[in-house]
Amino acid sequence: MGGVRAGAGANPAREQATQSRCTPDPSAAPHVMASPRILSTVLALLSLLLLLVALGSDHWLVDDAVLESLHEGLWKSCLNSVCGQISSASVSLKVTRVFTVLGVIAGSVSSFALLASFLHSHPGSVSLTLVSFLGSFSAGLCAMIALAVYTGEFAGAVNVAPGQVTFGWSFGLGWASFPLFLITGVVTLVAHQSS
């Protein structure tokens, strides 16, 4: 009844074991932080690859008429496997080209920053994961603008001749890169905040 708790300070080894279970292991922290960076690096490279393939391929718009096969991309048009450069591009096609190239540049910056972040996380005063976050969102925004402009320009051609003129797989890859860049940005932001 003297006010002394029974067992307080009686077993210092037990108290130390309890504290060590509650204190995080500092050696586990780099492994935990690397997981979002690895995921964001894979996503960044995948989304960049999709946008690069979309940019360089010529199946954005496809016309599968009975006798002839026509498909065109941002740079060339092909009729029955004979391809030629698009000589007079519309303003919408030029805008699509510019924003797609800007998306590839921003996606490349994002990817290289993430790859470099495995070697050095802070060269100077700039965080590479933050640079990658900004690059990913910029790439996603540029891809969205490019594909929205292209969709707006050629949706009429697709709607006029249903079943003949369609958007091709290159166009689909471009649209697939847009949400992947945004997801990359979110995962990269999580990696930046956890570091």
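Tyr150 is buried, because its relative accessible area is 1%; buried means under 20% relative accessible area, exposed over 50%, and partly exposed in between, with a 1.4 Å probe and protein chains only. The model is predicted, so local features need pLDDT of at least 70 and side-chain atom pairs count only at pLDDT 80 or more, while totals for chains, interfaces and linings use all residues. Residues are numbered from 1 along each chain as its sequence is written, and side-chain values use heavy atoms, with hydrogens and water left out.

## Tyr150 and its ring partners

Leaving aside residues up to four places away in sequence, Tyr150 touches Trp60, Leu61, Glu72, Leu74, Leu93, Thr96, Phe167 and Phe171. A contact here means heavy atoms within 4.5 Å.

Some of these neighbours are aromatic. A search of the whole structure finds 9 aromatic pairs. Rings of Phe, Tyr and Trp (its six-membered ring) pair if their centres lie within 6.5 Å; planes under 30 degrees apart count as stacked, over 60 as edge-to-face and the rest as tilted. The Trp60 and Tyr150 pair is edge-to-face, because the planes stand at 70 degrees, with the ring centres 4.9 Å apart. Trp60 lies in the loop between α2 and β1 (61–64) and Tyr150 in helix α4, so this pair ties together parts that are 90 residues apart in sequence. Trp60 counts as buried because its relative accessibility is 1%.

Tyr150 also forms a tilted aromatic pair with Phe167. This pair links distant parts of the chain, with Tyr150 in helix α4 and Phe167 in strand β5 (residues 165–167), 17 residues apart. Phe167 is partly exposed, because its relative accessible area is 24%.

| Ring pair | Centre to centre | Angle between planes | Class |
|---|---|---|---|
| Trp60 and Tyr150 | 4.9 Å | 70 degrees | edge-to-face |
| Tyr150 and Phe167 | 6.4 Å | 55 degrees | tilted |

Ring pairs link Trp60, Tyr150, Phe154, Phe167, Phe171, Trp175 and Phe178 into a cluster. Elsewhere, Arg37 lies over the face of Phe118, at 4.7 Å from the ring centre. A charge sits over a ring if NZ of Lys or CZ of Arg is within 6 Å of the ring centre and within 35 degrees of the ring normal.

## The nonpolar core

The largest nonpolar core has 20 residues, and those with the most contacts inside it are Trp60, Leu74 and Tyr150. Such a core is a set of buried Ala, Val, Leu, Ile, Met, Phe, Trp, Tyr and Cys residues joined through side-chain atoms within 4.5 Å. Helices α2 (29–56), α3 (91–117), α4 (128–160) and α5 (169–194) each supply at least two residues of this core. Its largest share, 5 residues, comes from α4.

## Helices and strands

The protein chain has 5 helices and 5 strands, in the order α-α-β-β-β-β-α-α-β-α along the sequence. Helices (H or I, at least four residues) and strands (E, at least two) are DSSP runs, numbered from the N terminus.

Strand β2 (residues 69–72) runs antiparallel to strand β3 (residues 76–79), and 3 bridges join them. Two strands pair if DSSP finds at least two bridges between them. β2 and β3 form a hairpin with 3 residues between them, and Glu72 has Ser77 in β3 as its bridge partner. β3 also pairs with strand β4 (residues 82–85), in the antiparallel sense over 4 bridges. The bridge partner of Cys78 in β4 is Cys83. The hairpin of β3 and β4 has 2 residues between the strands, and Asn80 in the turn has a positive phi of about 50 degrees.

Helix α5 has 26 residues, which at 1.5 Å a residue should span 38 Å; the end C-alpha atoms are 37 Å apart, which agrees. The expected span is 1.5 Å times one less than the number of residues. Buried residues of α5 include Phe171, Gly174, Phe178 and Thr188.

Thr188 lies in helix α5 and is buried, because its relative accessible area is 0%. Apart from residues up to four places away in sequence, Thr188 touches Ser40, Leu114, Thr129, Ser132 and Phe133.

Thr100 lies in helix α3 and counts as buried because its relative accessibility is 1%.

## The whole chain

Of the 195 residues of the protein chain, 35% count as buried. Among contacts between residues at least 6 apart in sequence, 65% join residues at least 24 apart.
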